[in-house]
Amino acid sequence: MNVATISTENIPLVLQLSPAIAMTDEQFFALCQLNRDYRLERNAKGELVIMSPTGSETGNRNAKLTQQLGNWTDENRTGINFDFSTGFKLPNGADRSPDAAWMTLAKWNSLTEEQKTRFAPICPDFVVEMRSPSDSLQSLQDKLQEYIDNGVKLAWLIDRKNSQVYIYRPQTEVKCLDNPITVNGDPVLPGFQLQMKTIW
């Protein structure tokens, strides 16, 4: 395997597999199950992206994010939410695991029971990525655009380092909010307001 990127500072390790290894979706899923201490993704080129667990502070902020989204989902009852350990198979072939995600019940119910137990071959309606201290902003911005290009209706990139939130929507210029108190999910998540005081 050719190593494309190596770092000791929690920056993802990217391994080029093709043409030496042709990993099926089933094999990739099994690999992820065998290596639960790591967060594994596969980009559209088929490269394996290996990320170590987040630091405690980032993990706490991710938990607060998931908690708020989960509370709103329970009240709204039109969809289902997911945490950072959930993988999705995007239309471009990438296997991605956003920090938080949500999709409508109609979309979720269109999946077979077997598809629900693996990395669902479907694009969520809403995703969030939170920048950890060592994350490259550009790589995360590229990732958010990938989500939009594959069918996500609303995506947020939370940059805690600079107290900014980037809002992505299809066919719309990216909007950057400076130190917002709340972030509004309308109309994809009607009435959802992410309270940023527990995220910053």
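Biologist: What should I keep in mind about numbering and confidence here?

Modeller: Residues are numbered from 1 along each chain as its sequence is written, and side-chain values use heavy atoms, with hydrogens and water left out. Because the model is predicted, local features need pLDDT of at least 70 and side-chain atom pairs count only at pLDDT 80 or more, whereas totals for chains, interfaces and linings use all residues.

Biologist: What makes a space in this model a pocket, and how much space lies in the largest pocket?

Modeller: On a 1 Å grid over the protein atoms alone, a pocket is an open set of points with protein on both sides within 12 Å along at least five of seven lines, while a cavity is a set where a 1.4 Å probe fits but cannot get out. The largest pocket holds about 1,000 Å³, a volume being the space filled by probe spheres set on the points, which are joined across faces, edges and corners.

Biologist: How do you know which residues line the largest pocket?

Modeller: Lining residues have an atom within 4 Å of a point, and 45 residues line the largest pocket, with R39, E41, V49, M51 and K143 nearest its centre. Among the elements that each supply at least two of its lining residues are helix 2 (56-76) and helix 5 (137-149), helices being DSSP runs of H or I with at least four residues and strands runs of E with at least two, numbered from the N terminus.

Biologist: What is the make-up of the second largest pocket?

Modeller: Its lining divides into 4 nonpolar, 1 polar and 7 charged residues, where Asp, Glu, Lys and Arg count as charged, Ala, Val, Leu, Ile, Met, Phe, Trp, Tyr, Cys and Pro as nonpolar, and the others, Gly among them, as polar. This second largest pocket holds about 220 Å³, and helix 1 gives the most to its lining, with 4 residues.

Biologist: Why is S110 called exposed?

Modeller: Exposed means over 50% relative accessible area, buried under 20%, and partly exposed in between, with a 1.4 Å probe and protein chains only; S110 has 51% relative accessibility and therefore counts as exposed. S110 is placed in the loop between helix 3 (105-109) and helix 4.

Biologist: What makes strand 11 a covered strand, and which strands pair with it?

Modeller: In strand 11 (residues 164-168), 5 of its 5 residues are buried, with Q164, Y166 and Y168 on one side and V165 and I167 on the other. Two strands pair if DSSP finds at least two bridges between them; strand 10 (residues 154-159) pairs with strand 11 in the antiparallel sense over 5 bridges, and 4 bridges join strand 11 to strand 12 (residues 175-178), also antiparallel. W156 stands opposite I167, and Y166 stands opposite C176.

Biologist: How do you know that C32 is in no disulfide?

Modeller: A disulfide is a pair of cysteine sulfur atoms within 2.5 Å, and the structure holds 0 disulfides. For C32, the nearest cysteine sulfur, that of C123, is 18 Å away, and C32 is in no disulfide.

Biologist: Why are C32 and C176 placed in their accessibility classes?

Modeller: C32 has 10% relative accessibility and so counts as buried, whereas C176 has a relative accessible area of 33% and is therefore partly exposed.
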